[in-house]
Amino acid sequence: MKVLVPVKRVIDYNVKVRVKADQTGVDLANVKMSMNPFDEISVEEAVRLKEKGKATEVIAVSVGPQQASETIRTALAMGADRGILVKTDAEVEPLAVAKILKAIVDEEKPSLVITGKQAIDDDSNQTGQMLAALLGWPQGTFAHKLELGDADAKIEREIDGGLQTVDVKLPAVMTVDLRLNEPRYASLPNIMKAKKKPIAEKAPADYGVDVAPKLKTLKVTEPEKRKAGVKVKTVAELLDKLKNEAGVI
Amino acid sequence: MASLVIAEHDNKVLKEATAKVVTAASQLGGPVHVLVAGQGAQGVAEAAAKLQGVEKVLLADDALYAKMVAETMETLILSLAGKYDAILAPATTNGKNYMPRVAAKLDVAQISEIIKVVSADTFERPIYAGNAIATVQAGAGKKVITVRTTTFKTAGEGGSAGVEKIGAASDPGLSKFVGEELSKSERPELTSAKIVISGGRGMQSGENFHMLDKIADKLHAAVGASRAAVDAGFVPNDYQVGQTGKVVAPELYIAVGISGAIQHLAGMKDSKVIAAINKDEEAPIFQVADYGLVADLFKAVPEMEEELTKLGY
């Protein structure tokens with residue numbers, strides 16, 4: 001079976017985010033960009049399925065600027081077979097990404113789409129679920145463990161109260177949570193090999209998708225900052241402050 | 001211009017998150033209806049009917065909704081969507097699961113995890129793990145919104161809305177619930193506790209978390225953890241506070257052996273009072289803590305238990 005893995009190029013998770021002075025967004029000039037950490041986990045899971053002989057081909061897709069091809073290369077170096085870059089410089093909302101992915105799914109006919117549960121830039125947590133709905137497929141979100149059968153998948157999910165297992169019919173969409181696996185680092189030989197793997201270049205228009213945003217961002221501002229308080233010297237002093245000054249215990 | 005709030009519950013108890021979403025929905029201006037989808041959830045519907053500001057409760061009581069599986073919730077909500085201008089759910093793992101499906105089918109953008117209603121079509125939401133706040137305006141069409149419940153007040157009781165039973169929508173037959181392992185605890189839930197005490201990598205083992213349990217029992221607190229502690233296997237995933245775990249805003253948050261990574265701060269920085277115990281005085285947690293104690297937690301936590309006992313807790 002084919003597995004499709006959508007990956008997103010985002011600000012590196014170690015970079016301190018700075019809001020632009022004109023409040024139009026976050027400063028991304030000369031900032032290190034990387035693959036969304038959740039997407040690394042989904043690439044890893046797909047590659048493991050291939051190594052176990054369950055998946056026949058792993059296709060990495062990214063919707064983004066030309067540089068998103070580097071993100072696809074990272075996936076290829078981890079073990080994906082080929083890539084599709086849907087090139088656009090626009091900021092694409094989750095719904096439009098889901099529509100593009102749906103068109104790609106219609107062409108490629110994968111049995112499973114594995115993607116990160118959210119991207120760490122817009123923190124939307126929508127794309128996988130939207131794709132599943134547009135396709136009329138079931139979903140297993142926030143995946144903690146995957147048992148893949150021939151016609152179905154048992155997906156253990158991280159939920160507020162603990163863990164939940166659902167059985168979904170294939171084809172399906174799975175979005176991954178942190179503890180599904182630990183993504184590998186690509187080895188140098190694999191990075192070299194990845195340079196020869198094909199990446200097809202497309203545009204949203206090739207799939208007939210309008211990427212104009214439906215939401216209007218009026219401004220982006222800094223959150224209110226908390227000020228550092230006081231240091232206390234002893235446990236007794238801490239409890240005294242909590243009880244008599246803050247009144248919270 | 002009515003709003004539909006999707007209730008969060010476990011078929012027995014209406015979760016406080018619902019009352020917070022009702023507050024957000026009320027701020028949109030129109031009448032507020034609540035949908036309770038569950039099995040044997042009559043009591044939940046009655047509790048929802050008492051919330052201030054609720055005009056009507058719809059109860060879909062059917063085995064299909066026993067566990068709020070996303071695919072069945074989608075068809076149910078879509079069958080009702082025509083009458084509403086806005087559909088809101090709490091940003092719980094349930095709400096996050098089914099709501100984007102609804103938005104996609106309605107061909108609208110979902111507005112995720114709003115923290116403020118600026119006007120009927122304009123909202124604030126955190127992005128980049130709360131390091132920036134975006135103010136967004138909804139376009140044409142229905143509004144599909146998930147609500148970060150920590151920033152909204154709980155709607156009071158005293159209402160007396162009617163409960164209307166509605167039939168189940170069609171079963172898409174795509175998925176089924178197999179089972180669940182829920183953490184059992186006598187303590188309050190993390191997201192609604194007045195006091196939360198959390199441990200980080202500094203706790204060194206799951207065993208050592210029992211030190212925090214003892215403090216939690218004295219203070220009627222919930223126990224949480226940083227991602228580092230969860231990834232290290234000290235405690236289960238549902239303990240995780242942070243950008244990708246739970247967002248909490250208790251009266252008091254006590255961080256023990258937590259350095260204060262951005263991802264963790266995103267989940268607790270709206271707490272009213274933050275106290276931190278860490279042996280590294282340079283730990284970033286001290287930059288947000290109201291009260292900081294530079295100390296070895298293995299001495300400080302047992303001492304805290306003793307002192308609390310002395311104080312009569």
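Predicted model: local features only at pLDDT ≥ 70, side-chain atom pairs only at ≥ 80, totals over all residues.
## Chain B at a glance

Of the 313 residues in chain B, 60% are buried. Chain B contains 8 helices and 16 strands. Its C-alpha atoms occupy a box of roughly 60 × 40 × 40 Å along the principal axes.

How does the radius of gyration of chain B agree with that of a compact globule? A globule of 313 residues would come out near 20 Å, and chain B has 21 Å, so the two agree.

## Where the chains meet

Let's turn to the contact between the chains. Chain A contributes 64 residues and chain B contributes 71 residues. On the side of chain A that touches chain B, the elements giving two or more residues are α3 (94-108), α4 (127-135), β7 (139-148), β8 (152-159), β9 (162-169), β12 (216-221), β13 (230-232) and α6 (235-245) of chain A. β9(A) gives the most, with 8 residues. By type, the residues on this side of chain A are 33 nonpolar, 14 polar and 17 charged.

## A sheet shared by both chains

Strands of a sheet pair through backbone hydrogen bonds, in either a parallel or an antiparallel way. Here 10 strands make an open sheet with mixed pairing, in the order β11(A)-β5(A)-β4(A)-β1(A)-β6(A)-β10(A)-β7(A)-β8(A)-β9(A)-β11(B). At the edges stand β11 (199-202) of chain A and β11 of chain B; each has a single partner strand, so one side of each has no neighbour in the sheet. From one strand to the next, the twist averages 30°.

Further inside that order, β7(A) and β10 of chain A (residues 172-176) run parallel and are joined by 3 bridges. A:Gly140 is paired there with A:Met174 of β10(A). Helix α1 of chain A (residues 37-51) packs on the sheet, touching β1 (2-6), β4 (57-64), β6 (112-116), β7 and β10 of chain A. The direction of this helix makes about 150° with that of β6(A).

## A covered helix in chain B

Which residues of helix α2 (residues 42-49) of chain B are buried? They are B:Val44, B:Ala45, B:Ala47, B:Ala48 and B:Ala49. Their cover includes α1 (16-26), β2 (32-38), β3 (54-61) and β10 (162-166) of chain B.

Is β10(B) itself buried or in the open? Of its 5 residues, the number buried is 0, so β10(B) lies largely in the open. β10(B) is joined to β3(B) by 5 bridges, with the two strands running parallel. One of the bridge pairs is B:Leu58 with B:Glu164 of β10(B).

## A loop residue in chain A

Finally, a look at A:Lys195, which sits in the loop between α5 (188-194) and β11 of chain A. A:Lys195 has 9 other C-beta atoms within 10 Å; a residue with 12 or fewer counts as exposed, so A:Lys195 is exposed. Between A:Lys195 and A:Leu28 there are 167 residues of sequence separation, and their C-alpha atoms are 26 Å apart in space.

Terms used. Residues numbered from 1 in each chain as written. Chains lettered and ligands numbered in written order. Contact = placed C-beta atoms within 7 Å. Helix = DSSP H or I, 4+ residues; strand = E, 2+ residues; numbered from the N terminus. Nonpolar A, V, L, I, M, F, W, Y, C, P; charged D, E, K, R; others polar. Rg over C-alpha atoms; globule rule 2.2 N^0.38 Å. Buried ≥ 20, exposed ≤ 12 C-beta atoms within 10 Å, placed from the backbone. Pairing = 2+ DSSP bridges. Axes fitted to C-alpha atoms, helices over the stretch in contact; angles between N-to-C directions.
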